[in-house]
Amino acid sequence: QVDLVESGGGSVQAGGSLRLSCVFSGERYSTYCMGWFRQVPEKKREAVGNIDSVGRTTYADSVKGRFTISQDNAKNTLYLQMNSLKPEDTAIYYCAADPFYDCYSGWEGGYWGQGTQVTVSS
């Protein structure tokens, strides 16, 4: 069974920083894709970015230069470092994974975590 558990959400003021973590458990192939998505009420889920088994990353234009995705394979943990946060970054952030397939353009996730709330005040 694949499980993803997010943590690190909270409330910060605009310009602040947060670091989200996602712990993966279960089987995973040598080729995989993991990433972050976010969603607010009445809006479509948005891909924040992803990272593959080789360490290649992709980011949405809205977060480029502010957010960084990384992973620690020894800890089976995915990270999302968020800097220079803006009120429009407020959302529930979800960790997602495809344990058996590489990232590709338009990837919309596979397995999902429970989500963690990020609130940015002005």
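Analyst: Buried means under 20% relative accessible area, exposed means over 50%, and partly exposed covers the range in between. Please note that this is a predicted model.

User: Thank you. Then where does arginine 38 fall, buried or exposed?

Analyst: Arginine 38 is buried, because its relative accessibility is 6% and the limit is 20%.

User: And which side chain does arginine 38 meet in a salt bridge?

Analyst: Its partner is glutamate 46, with an N to O distance of 2.9 Å. Glutamate 46 is partly exposed, at a relative accessible area of 29%. Both residues belong to a network of salt bridges that links Arg38, Glu46, Arg66 and Asp89.

User: How many salt bridges does the structure hold?

Analyst: There are seven. One of them joins arginine 45 to glutamate 108, where the closest N and O atoms are 3.6 Å apart. That pair links distant parts of the chain: arginine 45 lies in the loop between E4 and E5, glutamate 108 lies in the loop between E9 and E10, and 63 residues separate them. Arginine 45 is partly exposed at 31%, and glutamate 108 is also partly exposed, at 36%. Another bridge connects aspartate 61 with lysine 64 at 3.2 Å between the closest N and O atoms. Aspartate 61 is exposed, with a relative accessible area of 65%.

User: Let us turn to glutamate 6. How far away is the nearest side chain of opposite charge?

Analyst: That side chain belongs to arginine 45 and is 11 Å away. Glutamate 6 is buried and has no salt bridge, because a salt bridge requires the side-chain nitrogen within 4 Å of a carboxyl oxygen.

User: What does the side chain of glutamate 6 reach instead?

Analyst: It reaches the backbone nitrogen of cysteine 95 at 2.6 Å, and the backbone nitrogen of glycine 115 at 2.9 Å. Glutamate 6 itself is found in strand E1, residues 3-7. Leaving aside neighbours within four places in sequence, its contacts include Ser21, Cys22, Trp36, Tyr93 and Thr116.

User: Now the nonpolar core. How many residues does the largest one have?

Analyst: The largest nonpolar core has 26 residues. Those with the most contacts inside it are Met34, Trp36, Phe67, Leu78, Leu80, Met82 and Tyr93. Strands E3, E4, E5, E7, E8, E9 and E11 each supply at least two residues of this core. A second, separate core of five residues includes Cys33, Phe37, Ala96 and Trp107.

User: What is phenylalanine 67 in contact with?

Analyst: With neighbours within four places in sequence set aside, its contacts include Val48, Tyr59, Leu80, Met82, Leu85 and Tyr93. Arg38 and Asp89 are also among them, and these two residues belong to the salt-bridge network as well.

User: On to the rings. How many aromatic pairs are there?

Analyst: The count comes to four. Tyrosine 94 and tryptophan 112 form an edge-to-face pair, 6.4 Å centre to centre with 85° between the planes. This pair links distant parts of the chain, tyrosine 94 being in strand E9 and tryptophan 112 in strand E10, 18 residues apart. Tryptophan 112 is partly exposed at 32%. Ring pairs link Phe37, Tyr94, Trp107 and Trp112 into a cluster.

User: Last topic, the backbone. Which phi value does asparagine 76 have?

Analyst: Asparagine 76 has a positive phi of about 50° although it is not a glycine. It lies in the loop between E7 and E8 and is partly exposed at 32% relative accessibility. Serine 84 likewise has a positive phi of about 50° without being a glycine. Serine 84 is found in the loop between E8 and E9, and its 40% relative accessibility counts as partly exposed.

Methods
Residues are numbered from 1 along each chain as its sequence is written. This is a predicted model: local features need pLDDT of at least 70, side-chain atom pairs count only at pLDDT 80 or more; totals for chains, interfaces and linings use all residues. Side-chain values use heavy atoms; hydrogens and water are left out. A nonpolar core is a set of buried Ala, Val, Leu, Ile, Met, Phe, Trp, Tyr and Cys residues joined through side-chain atoms within 4.5 Å. Buried means under 20% relative accessible area, exposed over 50%, partly exposed in between (1.4 Å probe, protein chains only). Helices (H or I, at least four residues) and strands (E, at least two) are DSSP runs, numbered from the N terminus. Contact means heavy atoms within 4.5 Å. Lys and Arg count as positive and Asp and Glu as negative; His and the chain ends are not counted. A polar contact is a pair of N or O atoms within 3.5 Å; within protein, one must be able to donate a hydrogen and the other to accept it, and residues adjacent in sequence count only if both atoms are side-chain atoms. Rings of Phe, Tyr and Trp (its six-membered ring) pair if their centres lie within 6.5 Å; planes under 30 degrees apart count as stacked, over 60 as edge-to-face and the rest as tilted.
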